Amino acid sequence: MIWLFWFALLSVVYAYAGFPALLWLRARLMPRKIEAADHAPTVSVVIAAYNEAANIAERIDNLRTQDYPLDRLEIIIASDGSDDGTNEIVQRLAEDESVGGTITLLALPRQSKGVALNAGAETAAGEVLVFSDANTQFAPDAIMQLVRPLADPSVGGVAGNQVYLRGEMSSSTADGERLYWNFDQWLKSLQSRAGSVTSATGAIYATRRSLYQDIPPAVTDDFYVSSGVVEQGKRLVYSHDALAYEPVAEAEGVEFSRKLRVITQGFTSVIYRRALLNPVRYGFYAWQLFSHKILRRLVAVPLLVMAVVCPLLWNHGWIYQAMLALELIAISFFALAFLLRGTSLGKWKPLAAAWFFLMVNTAALASALAILRGRRVVRWEPERHQQQGSPVGTLETVEGRSS
């Protein structure tokens, strides 16, 4: 039990402190430069949209007004079975020659986001594919900043910088999400300087058209596409100046449902990309992938082990007694964060971070159990649609093995 306790404790410490320290040291001691430069390859922006009538016109306008040559920019809206007028809005804008730019509508039957993105990528004519969401807004120079690192032939993909906006009614979930995201973006900058980013975020990323691989069912599309760049021997780097703005889900139930879906698909994605866990072939990236996408997402397991084992070690010395006291304090703090979520007190940063940590790790445990039972998330339901009336917390899944 002593060995089990210390192994669990060191796993937790490594996941949240040791791994960032290792990244920092590698970035300092073994930095890899990026030969970025201003250039303007042909770009196809691909957006999968499902019932986005409220957002799609503003999104297209945002892309049309980018500081990028319109004659080298193509916008593809892959509508995944939209029935709320999204297709009609896109078609009307595509036919409006007064604004300029090339807009293509793919009116597809309802299937999945991955199928929609595959159709968009197949249709695209650009040398570079840029992926984003329908409710995202790019900074004016986002596309230009996104393609600059691609002037380096060793770079195959670029992860942009997603910034969460504060809503009119901020919540404990939203504040916790922003704290977590700031930490994750800092890790991305270290990973990029050390070699390659683990993966990109779906709000803004780019890949060379020649490196795109079709997205299989039940995976996280941004991870699968962006990590494929690394699997094919190219670097995936981070551009801090390629900014995309996106709102945070405010409702706790909606956010938990999203986390459950994303993490379940994330585990499935790692299974598909398991070759990247081979350190002989992929070196430090393999260890980075394990630390970031597996160990950190399963940190709830060693935490539970510690909670069970520590009381049994009470008679083995003061250190275990002190650790048990710390555990009880931590459990009380997490319980307080849970009880105060959604209140003004719950927005206090330590409580918001604690609540978000508790929610994410609960979702990760549920996701891991779902994967072990052979369940996969196959239907894409944007959380803002759930917030507008769809059942919160439900995920469409199918039984089957993830291979």
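**Exercise 1. Work out the strand order of the open sheet and find which strands stand at its edges.**

Step 1. The open sheet has eight strands with mixed pairing, in the order β3-β2-β1-β4-β7-β6-β8-β5. Strands here are DSSP runs of E with at least two residues, helices are runs of H or I with at least four, and both are numbered from the N terminus. Two strands pair if DSSP finds at least two bridges between them.

Step 2. β3 (102–108) and β5 (137–138) each have a single partner strand, so one side of each is left without a neighbour in the sheet.

Step 3. For a closer look at one pair, take β6 (residues 155–165) and β7 (residues 204–208), which pair in the antiparallel sense over three bridges. Gly-157 stands opposite Thr-207 in β7.

A word on the source: this is a predicted model, where local features need pLDDT of at least 70 and side-chain atom pairs count only at pLDDT 80 or more, while totals for chains, interfaces and linings use all residues. Residues are numbered from 1 along each chain as its sequence is written, and side-chain values use heavy atoms, with hydrogens and water left out.

**Exercise 2. Decide whether helix α4 is largely enclosed, and name what covers it.**

Step 1. Count the buried residues (under 20% relative accessible area; exposed is over 50%, partly exposed in between, with a 1.4 Å probe and protein chains only). In α4 (residues 113–123), eight of the 11 residues are buried, so the helix is largely enclosed by the rest of the structure.

Step 2. Among the buried residues of α4 are Lys-113, Leu-117 and Asn-118.

Step 3. The cover includes β1 (43–49), β2, β3, β4 (128–132) and α7 (221–231), judged by contact, meaning heavy atoms within 4.5 Å.

**Exercise 3. Find which residues touch the most other members of the largest nonpolar core.**

Step 1. A nonpolar core is a set of buried Ala, Val, Leu, Ile, Met, Phe, Trp, Tyr and Cys residues joined through side-chain atoms within 4.5 Å.

Step 2. The largest core has 33 residues, and Val-43 and Ile-143 touch the most other members. Helix α5 (residues 142–147) gives the most to this core, with five residues.

Step 3. A second, separate core of 32 residues includes Ala-48, Ala-78, Phe-223 and Val-270.

**Exercise 4. Is Asn-51 buried or exposed?**

Step 1. Asn-51 is in the loop between β1 and α2 (56–64).

Step 2. With 18% relative accessibility, Asn-51 counts as buried.

Step 3. Its phi is near 50°, a positive value in a residue other than glycine.
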